[in-house]
Each structure stands twice: as C-alpha cells, then as structure tokens.
Amino acid sequence: MTQPAQINRTALGAGILCYFIWGFVPLAFQAIGQLGVGPWETLAHRTIWGAPTALIFVLLARQWAQVVGVFRQPKVLAWLALSAGLIAVNWMVFIWAVNSGRVLESSLGYYITPLINMAAGTLLFRERMDRIGVAAIVLAVVGVVIQAVALGHLPLVSLALALSFGGYGVVRKQVAADAQTGLFIECLLLAVPSFFFVLWLEGQGGGHFLASPATVAWLIASGPITAVPLVLFAWAARRIPLSFMGFLQFIGPTIAFAIGVSQGEAFTPLRAISFVFIWSGAAVFTYGAWRRSRTLPTPVVA
C-alpha cells in the first residue's frame with residue numbers, strides 16, 4: 001500500500017499564502033481604480049514594478065546566468081514573449097473586470113482554469129484523462145452554460161481569464177527556464193513598452209503616478225503583489241503533493257467570490273446553480289488529483 005506523503009509544512013504555508021494573496025488581489029486593484037487610474041495605466045505599472053521584484057527573486061535564486069542564457073536562445077525568448085503576451089491579456093481583463101463590477105465572473109474564470117488545463121493536457125500533450133476528469137469537465141461546461149443563460153450572454157470575462165491563463169500554462173510548459181527567470185523576462189519584455197507608455201501618458205497630462213502619495217504607493221505595490229504569489233506558488237508546487245495543490249488552488253477564487261457577493265454583485269438563483277455545478281466540477285477535480293497522488297512517490301526537493 002502506498003504510504004501517505006509527508007507534508008512539508010513550510011511549503012504548505014507558502015502555497016496557502018500565495019492563494020490568499022491572489023484571493024484578495026481584487027481589493028488592491030479596486031483601490032487603484034478608485035484613485036482614478038485606468039486599466040491600461042495600471043497594467044503598465046504592474047509590469048514596470050513587477051520587473052525589479054522578479055529580479056530580486058532571480059538574484060536570490062542565483063539564476064542570473066540562466067537569464068543571460070535565455071537571451072542567447074531566440075527560440076526560448078520567443079516562447080517567453082508569447083507567454084508574456086498571454087499573461088498581459090489575463091492581467092488586463094482581470095484589472096478591468098474587478099473595477100467593472102465583475103468580480104464574480106473573474107472568480108468563475110479561475111474556478112474553471114484548472115479544468116481548462118486538464119483539457120489542454122489531454123488534447124495537446126496526449127495526457128490520459130480518466131472518467132473522473134471527464135466528469136469534472138462536463139460539470140464545469142454545464143456550469144458555464146447555465147452562467148451564460150443567467151447573464152444573457154457568454155461569460156466572456158470568465159472564459160477570457162481561463163483561456164489566457166490556461167494558454168499561459170501551456171506555453172510555459174515549453175520553456176526551458178525556471179519560474180523566477182521566466183517571470184523576470186516576461187515582466188522585462190512587457191515593462192519596456194509600458195515604460196514608454198507611462199512616459200507618454202504623463203507627458204499628455206493623463207498620468208496618475210504622481211497624483212498623490214497613495215497613488216504612488218499602490219502603483220509601486222502592484223509589482224510585488226504580482227510577483228510574490230507567483231514565486232511562492234512555484235516554490236510550493238515542487239514541494240507538496242499534487243492533491244494539496246489541487247485543493248489549495250480554489251482558495252483564491254473562493255475569496256474573490258465572497259468579495260463579489262459582499263459588494264452586492266447580482267447573484268440570482270440561476271447564477272447560484274451555475275456556481276454549484278462549477279464547485280462540483282472543482283470538487284471532482286480535487287478528488288481526482290488526490291487519488292492520483294496516492295500512486296505517486298513523494299517529491300523530494302533539497
């Protein structure tokens with residue numbers, strides 16, 4: 001009989017912390033929006049201040065040589081440029097959504113993201129999907145269809161977030177670079193045009209960076225808010241069983257869901273039913289991840 005995997009408590013704590021940060025991130029970007037900063041300007045500052053934060057993690061991990069190596073490999077750099085574009089789309093949609101009264105739709109997107117990843121693994125990488133995986137995806141599809149009926153249109157925000165982040169994961173799977181290195185290069189690639197955009201915006205009198213001390217603080221903080229949970233996730237994912245990560249990844253959208261409801265977003269009975277199907281799919285997914293982890297050896301990381 002397979003022995004239960006011993007849990008690294010520090011890694012488990014890091015995993016929980018990263019998802020709690022992601023769960024409360026809508027409040028941070030709503031605060032920035034309330035200061036008058038538009039989504040495009042927010043995205044620009046998020047990438048500009050994300051780059052030095054990611055650089056700190058690269059230096060702590062002693063991966064500078066890997067960063068230099070990536071710039072000598074055009075193919076790897078091209079993959080990271082594509083992943084940077086996908087994560088920029090994800091960040092932009094998210095920033096716009098949480099400032100447009102669509103926090104519930106954003107939470108739905110991150111509930112179905114792991115199921116998108118599962119489907120992508122089957123279709124693109126020929127990974128085997130068992131009956132549990134099929135059941136999870138069917139439940140999620142039913143939930144999305146009901147959500148579309150409840151909204152009167154497809155939940156485009158949810159689908160855009162799920163597909164862009166799922167696509168990001170697929171692309172990063174092709175990149176021979178560690179998480180810290182990849183994140184730094186992605187932020188760097190996005191920060192260069194963002195920097196010139198911010199300069200242009202300030203020159204036109206439409207920028208908000210120096211509008212108030214609070215605006216300066218929030219925009220600079222958007223960098224660590226972006227980079228820190230990603231690095232915590234990457235560190236934790238290598239040290240705790242898949243079943244635990246499968247469970248933890250639903251902490252973030254659950255917190256976001258609670259935020260959306262508490263802020264008075266429309267939550268009709270039909271919309272509630274759609275979330276029941278999505279939650280059921282998430283529960284089935286988590287059960288499948290737990291069952292598979294029982295047959296896998298415990299990851300050992302120095």
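**Close-up views of the nonpolar cores and salt bridges**

**View 1. The largest nonpolar core of this predicted model has 54 residues.** Within this core, Phe29 and Leu183 have the most contacts. At least two core residues are supplied by each of the following: helix H1 (9-34), helix H2 (39-60), helix H3 (64-70), helix H4 (74-98), H7, H8, helix H9 (213-237) and helix H11 (251-262). H4 provides the largest share of the core, 12 residues.

View 2. When neighbours within four places in sequence are left aside, leucine 183 is in contact with Ala54, Arg172, Ala227, Leu230 and Val231.

**View 3. Another nonpolar core, of 17 residues, lies apart from the largest one.** Its members include Ile112, Leu115, Ile137 and Ala140.

**View 4. A salt bridge joins glutamate 186 and arginine 172.** The closest N and O atoms of this pair are 3.2 Å apart. Glutamate 186 belongs to helix H8 (residues 179-203) and arginine 172 to helix H7 (residues 156-172), so the pair ties together parts that are 14 residues apart in sequence. Glutamate 186 and arginine 172 are both buried. Arginine 172 is also among the contacts of leucine 183.

**View 5. A salt bridge joins glutamate 105 and arginine 102.** Here the closest N and O atoms are 3.7 Å apart. Glutamate 105 counts as buried because its relative accessibility is 6%, whereas arginine 102, with a relative accessible area of 30%, is partly exposed. A search of the whole structure finds two salt bridges.

Technical notes
Residues are numbered from 1 along each chain as its sequence is written. This is a predicted model: local features need pLDDT of at least 70, side-chain atom pairs count only at pLDDT 80 or more; totals for chains, interfaces and linings use all residues. Side-chain values use heavy atoms; hydrogens and water are left out. A salt bridge is a side-chain nitrogen of Lys or Arg within 4 Å of a carboxyl oxygen of Asp or Glu. Buried means under 20% relative accessible area, exposed over 50%, partly exposed in between (1.4 Å probe, protein chains only). Helices (H or I, at least four residues) and strands (E, at least two) are DSSP runs, numbered from the N terminus. A nonpolar core is a set of buried Ala, Val, Leu, Ile, Met, Phe, Trp, Tyr and Cys residues joined through side-chain atoms within 4.5 Å. Contact means heavy atoms within 4.5 Å.
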